[in-house]
Amino acid sequence: MASILLKHIAKVYPGNIKVVKDFNLEIKDKEFVVFVGPSGCGKSTTLRMIAGLEDISAGELYIGERLVNDVAPKDRNIAMVFQNYALYPHMTVYKNMAYGLIQRKVPADEIDRRIRNAAEVLGITAYLDRKPKALSGGQRQRVALGRAMVRDPDVFLLDEPLSNLDAKLRTTMRSEISKLHKRLGTTFIYVTHDQIEAMTMGDRIVVMKDGDVMQVDTPQALYDHPASKFVAGFIGSPQMNFMDVTIERRANSPTGFTCVLDKQHSFNIMPRENMPDLSQYEGKKVTMGIRPEHIYTGRTIPGERDTSDLSAEIDLVEPIGSEVYLFVNVDRYKLCAKLPPVTGLEEGQNISLKIDLKKMYLFDSETEQALLN
């Protein structure tokens, strides 16, 4: 088993194209860490540097106590699972899983033991004599995981392994991979652009953008306390609503400050732990954020809440069974509210909504860093 330490890791391609910039992270032994971010943010490149498939332009990479910058991939004792499975089509499942061990000259009886143990864990024993073309996408992904398992690696690296599967199968495989991590007790690093995968699987999540690490934290901490507007908008589904507001002093506000959207809408800033000094923002524009699940109708407010009214025109009603996504126009903004099933909502209808003031976020308009989270 192994911890991983990345110290000031960078990847620069010819033409001074900086794909990963000053990446610093310590991953504990047996931890499940997810790299998440939009396409092109550098997450897969970072994973490939850990695997040894990409050269490191700057910085130091340690697996366990060993500096591995110049260590060949085969000598790092890592196993990688790819998006496209990378199975040999002319080989059976058994031979696909055995191939790497045969190359390492592992004894035949040991190869057989490892393959059958892995196949039992993954539920693919019945498919050992089949070729990949006779398997479903989920079964092929299990074979790819099994091929990695039999190597008994210190670290599993998984690069968007579920992106080729349909939605139902992705949900099933998410839980299978999480269970596999607990069963094996091995360090996992998982790359995805899907924030739901990241939130449901990771012990910690690394949120990346344009080669930079924006925030590293537990899923719940990222959701509750995003460090920037980018993280706030990326984590959570549907994404957080944003509006530009002006900070003004108001005697009737518990903190003495309120956010003014327009002549009709203002939102008192409620006290929080680690309350920032907002006096320096008086009269200035900031970005206000509110999650869809913290916008209510009068009929859907759960318990006592400090709320403020929001006059809106319904643009679209999306019922999805257990919930309704309500898209509304407020001033020049299009907002989304996530509500329990509510009847009587129609497009074009004027409606009064309420927002939970204690769930309101504020971000600096220039730096986009969180002021109130």
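Which residues lie nearest the centre of the second largest pocket? I started my notebook with that one, and I found Asp224, His225, Arg272, Tyr361 and Asn373 there, among the 16 residues that line the pocket. A reminder to myself: this is a predicted model.

**Entry 1: the second largest pocket**

I looked up the space in this pocket and got about 350 Å³. Next I checked which elements take part in the lining. Helix α7, residues 219-224, supplies at least two residues, and so does strand β21, residues 370-372. I also sorted the lining by type: 7 residues are nonpolar, 4 are polar and 5 are charged.

**Entry 2: the largest pocket**

Then I turned to the largest pocket, which holds about 440 Å³ of space. I counted 20 lining residues here, and those nearest the centre are Ala79, Met80, Phe82, Arg147 and Arg151. Which elements each supply at least two residues of this lining? I noted β6 (78-81), α2 (93-103) and α4 (137-149). Of the contributors, α2 gives the most, with 4 residues. By type, the lining splits into 14 nonpolar, 2 polar and 4 charged residues.

Is helix α1 largely enclosed or largely open? I went through residues 43-51 and found 7 of the 9 buried, so the rest of the structure largely encloses this helix. The buried ones are Lys43, Thr45, Thr46, Leu47, Met49, Ile50 and Ala51. I was pleased to spot a lysine in that list.

**Entry 3: positive phi outside glycine**

Asp152 is one of them, with phi near 50°. I located Asp152 in the loop between α4 and β7 (155-159). Is Asp152 buried or exposed? It has 53% relative accessibility, and it counts as exposed because the cut-off for that is over 50%.

Asp210 also has a positive phi, about 50°, although it is not a glycine. I placed Asp210 in the loop between β9 (204-209) and β10 (212-217). Its relative accessible area is 47%, so I wrote down partly exposed.

**Entry 4: a cis peptide bond**

Where does a cis peptide bond turn up? I found one joining Ser237 and Pro238, with omega about -10°. Pro238 belongs to the loop between α8 (229-234) and β11 (241-249).

**Entry 5: two nonpolar cores**

I wanted to see where nonpolar residues gather. In soluble globular proteins, nonpolar side chains tend to be buried together. Here the largest nonpolar core has 46 residues, and the members touching the most others are Met97, Leu145, Leu158, Ile177, Tyr190 and Val207. Setting aside residues up to four places away in sequence, Tyr190 touches Phe32, Val33, Val34, Phe35, Leu158, Pro161, Leu162, Ile177, Glu197 and Met201. There is also a second, separate core of 35 residues, including Met288, Ala337, Leu353 and Leu371.

**Entry 6: Phe267 and its surroundings**

Phe267 sits in strand β13, residues 266-268. I read 0% relative accessibility for Phe267, so it counts as buried. What does Phe267 contact, beyond its neighbours within four places in sequence? My list has Met243, Thr258, Cys259, Leu261, Met288, Ser308, Asp309, Leu310, Ile355, Leu357 and Met360.

**Entry 7: Ser178**

Ser178 lies in helix α5, residues 167-184. With a relative accessible area of 15%, Ser178 is buried, because buried means under 20%. Beyond its neighbours within four places in sequence, I found Ser178 in contact with Thr200 and Met201. I had met Met201 already, in the contact list of Tyr190.

**Entry 8: cysteines**

How many disulfides are there? My count came to 0. I still checked two cysteines. Cys259 is buried, with a relative accessible area of 0%, and Cys336 counts as buried too, at 5%. Cys259 is also one of the residues in contact with Phe267.

Notes
Residues numbered from 1 in each chain as written. Predicted model: local features only at pLDDT ≥ 70, side-chain atom pairs only at ≥ 80, totals over all residues. Heavy atoms only, no water. Buried < 20%, exposed > 50% of the residue type's maximum accessible area, 1.4 Å probe, protein only. Disulfide = S-S within 2.5 Å. 1 Å grid on protein atoms, 1.4 Å probe; cavity = no way out; pocket = protein on both sides within 12 Å on 5 of 7 lines; lining within 4 Å. Points joined across faces, edges and corners; volume = space filled by probe spheres on them. Nonpolar A, V, L, I, M, F, W, Y, C, P; charged D, E, K, R; others polar. Contact = heavy atoms within 4.5 Å. Core = buried A, V, L, I, M, F, W, Y, C linked by side-chain atoms within 4.5 Å.
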